[in-house]
Amino acid sequence: MSIKIANISKSYKKVNALKNISFEVKSGELFGLIGPDGAGKTTLFRILTTLLIANEGVASVAGFDVITDYKSIRKNVGYMPGKFSLYQDLTVEENLDFFATIFGTTIEENYDLIKDIYIQIEPFKNRRAGKLSGGMKQKLALCCALIHKPKVLFLDEPTTGVDPVSRKEFWEMLKRLQQKGITILVSTPYMDEAALCDRIALIQGGKILEIDTPAAIVKHYLKPIYNVSANNMYQLVNSLKAYEYNHSVYPFGEFVHYTDRRSDFNPAELKVYLESKKLSNITIEKTVATIEDTFMELAK
Amino acid sequence: MKRFIGFIKKEFYHIFRDRRSLFILFGMPIAQILLFGFAITNEINNVDIAILDHSKDATTKEIINKMASSKYFSIHQFIEKESDIEAVFKKGKVKAVLNFEKGFSENLIKENYANIQVITDATDPNTANTISNYVNAILQNYLKEQNKSSVQVYQIVPQTHMVYNPELKSVYMFVPGVMTIILMLVSAMMTSISITREKELGTMEILLVSPLKPIQVIVGKVFPYIFLSIINAIVIIVLSIFIFKMPVQGSLFLLGMESVLFIITALALGILISTISATQQTAMMISLMGLMLPVILLSGFIFPITSMPLPLQIISNIIPAKWFIIIIKGIMLKGVGLQYVWKETLILLGMAVFFIGLSVKKYKIRLE
């Protein structure tokens, strides 16, 4: 086990940020922590990276206890905080060189680990970090977190505020790093990224809702789910919410994800109801549940 | 050691890339020393005075000539009656009026006694005081010359002798003070800001999750500022020697060592401030209010400690600047060696050790 978390609770003055959290991350796993803002993801990251002390519970990273052995953890993990935390007035190369030096290594020594990523920002190596685009900043931050060849990598919302293309590239990089044997714990508010992890934990309000592989989590969603569309999206959502048998109604791109409370639900019946609400171009099709549906269901 | 050097290299990048701070860092000492040296001064030069001469005889003429020929005064106008005195003061240009009584010369010869009234504009008490002293001096001087020729018995002439700063140059008083302020400001404020900046930008989080030891971070942060402060101290001393002809009687080496000791005390204070403030703004405010004001008001730089109320005199003892000013005044003006300032040095050393110990202890190895 690379990360062990047992009964961790943490409260700030007024907020209970984490309530009795336990899970484990296997060596070499790409583990996702999925949840909205304020779910407690950052607090958990800070406890694991020895920056905060939990009120209750024990945790270990790479075999070291987060409290008694914090010095060993600090040598062996890479951490990329949610906020861009590099020196904006230093160039790309100087930042990387600085982090290599304080971890007692050099860029050359571990170049093969960061090569794939660094090669993309190398043309800008003499540019100040503050002047890079969002995607570039993330790549640089990842390089800096990787330069000392950490055993465990903590990435706190690495793709927030990054364009879709860079996000995709970023996840491809994570997959490659995983193949090099690095355990990765990554948090994200984006459900679509969850599917790319080996296992995920859904977290909300400081509690873990579910832990499993993305595929298994989706399977837990037993109710048949329907894609509903019509000419007027706003009215469609309102009408569905007003429908007496509705179980859940969530807008999802161009469709509305709808589930019914009855086990003998007939889509034709719903269509009649919607037509009575003066909606046209109505389509109702069965679809497969996504992680977002599961999350919404669990978070209810 | 390599880590440490890497850290210091990074600090220097920060300092040299922040042009504005760099300008303040080196511009401020020069501006301050020139301001204090030239503009703020207790000396008087070419002060305009008015004369109300009721006797208009040989003696008064001679005295008036003496006044006019000194570089301290210039005769702005002659007035005729008492009621004009108020009027010339109100115009604001004239700072003093000399009023000779009627029959000045006669009285002096017959009764050995004559009256002259010196009226000064005391809206600025310091200047008024200085003017009246200068007038007195010129009059005494005149009398002495006169008495040489005549036979005069029983006269007490106090021979005042100002030592260490015989010309009462105010720059001699300001240089040690300004040097203290600048070293305090650069060392304490700059360090506290540079540490809190890491907290504010979130880079402290990464530094904490690294094998860097607290002591390496702290020493790495203060080292560049020790270096810069020493350069500043040298600039100030060189300026005061070459522009204001300020003598350095004592050993330059001792002066340097004492400055380093004071710089280290100030840096430790800066680290302490950074441990209690979360943002650069707070750090700056605490440095300005908590360090600058006491340095200016309670260190004896401007207001003499002996004339303060007792509680303030006691408080002034905990201000490092007070001891440093005593030390550098001793070295620069009196030329004393360590045997005369060892007590103050020891107090400063004690303060430095105390603050460094406290700040290392208070340095957080985690976020809260």
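This is a predicted model: local features need pLDDT of at least 70, side-chain atom pairs count only at pLDDT 80 or more; totals for chains, interfaces and linings use all residues.
**Domains of chain A**

Begin by selecting residues 3-219 of chain A, which form domain 1, and then colour residues 225-299, which form domain 2. Taken over C-alpha atoms, the centres of domain 1 of chain A and domain 2 of chain A are separated by 37 Å. Next, display the contacts between them: 10 residues of domain 1 of chain A meet 8 residues of domain 2 of chain A.

Which elements of chain A each supply at least two residues of the domain 1 side of this contact? Select α7 (191-194), β9 (199-204), β10 (207-212) and α8 (214-219) of chain A. Among the contributions, that of α8(A) is the largest share, at 3 residues. Colouring this side of domain 1 of chain A by class gives 8 nonpolar, 1 polar and 1 charged residues.

**Nonpolar cores**

Now show the largest nonpolar core, which has 141 residues. Centre the view on A:C143, A:F154 and A:I184, the residues with the most contacts inside this core. Then select residues 170-201 of chain B: this helix, α7 of chain B, gives the most to the core, with 17 residues.

Return to A:F154 and display its surroundings. Beyond neighbours within four places in sequence, A:F154 is in contact with A:F45, A:L48 and A:T49, with A:V77, A:G78, A:Y79 and A:M80, and with A:L185. Another core, of 17 residues, lies apart from the largest one; to find it, select B:V47, B:A96, B:F100 and B:F104, which are among its members.

**Where chains A and B meet**

Select the contact between the two chains, to which chain B brings 22 residues and chain A brings 23 residues. On the chain B side, highlight α1 (2-17) and α8 (203-208), the elements that give two or more residues. How many residues does α1(B), which gives the most to this side, contribute? The contribution of α1(B) is 8 residues. By class, the chain B side divides into 9 nonpolar, 5 polar and 8 charged residues.

**Annotated spans of chain B**

Finally, colour the spans that an unreviewed UniProt entry annotates as "transmembrane region": residues 21-40, 171-195, 222-244, 250-273, 285-304 and 340-360 of chain B. Two of these spans can be inspected in turn. Residues 250-273 of chain B are 92% helix and 0% strand, with the end C-alpha atoms 34 Å apart. For residues 285-304 of chain B, the distance between the end C-alpha atoms is 26 Å, and the chain there is 70% helix and 0% strand.

Definitions and conventions. Residues are numbered from 1 along each chain as its sequence is written. Chains are lettered from A and ligands numbered from 1 in the order in which they are written. Domain bounds come from an automatic or database domain assignment. Two residues are in contact if their C-beta atoms, placed from the backbone, lie within 7 Å. Helices (H or I, at least four residues) and strands (E, at least two) are DSSP runs, numbered from the N terminus. Ala, Val, Leu, Ile, Met, Phe, Trp, Tyr, Cys and Pro count as nonpolar, Asp, Glu, Lys and Arg as charged, and the others, Gly among them, as polar. A nonpolar core is a set of buried Ala, Val, Leu, Ile, Met, Phe, Trp, Tyr and Cys residues joined through C-beta atoms within 7 Å. A residue is buried if 20 or more other C-beta atoms lie within 10 Å of its own, exposed if 12 or fewer, and partly exposed in between; C-beta atoms are placed from the backbone. UniProt positions are given in the numbering used here, feature names are shortened, and annotations may be inferred rather than shown by experiment.
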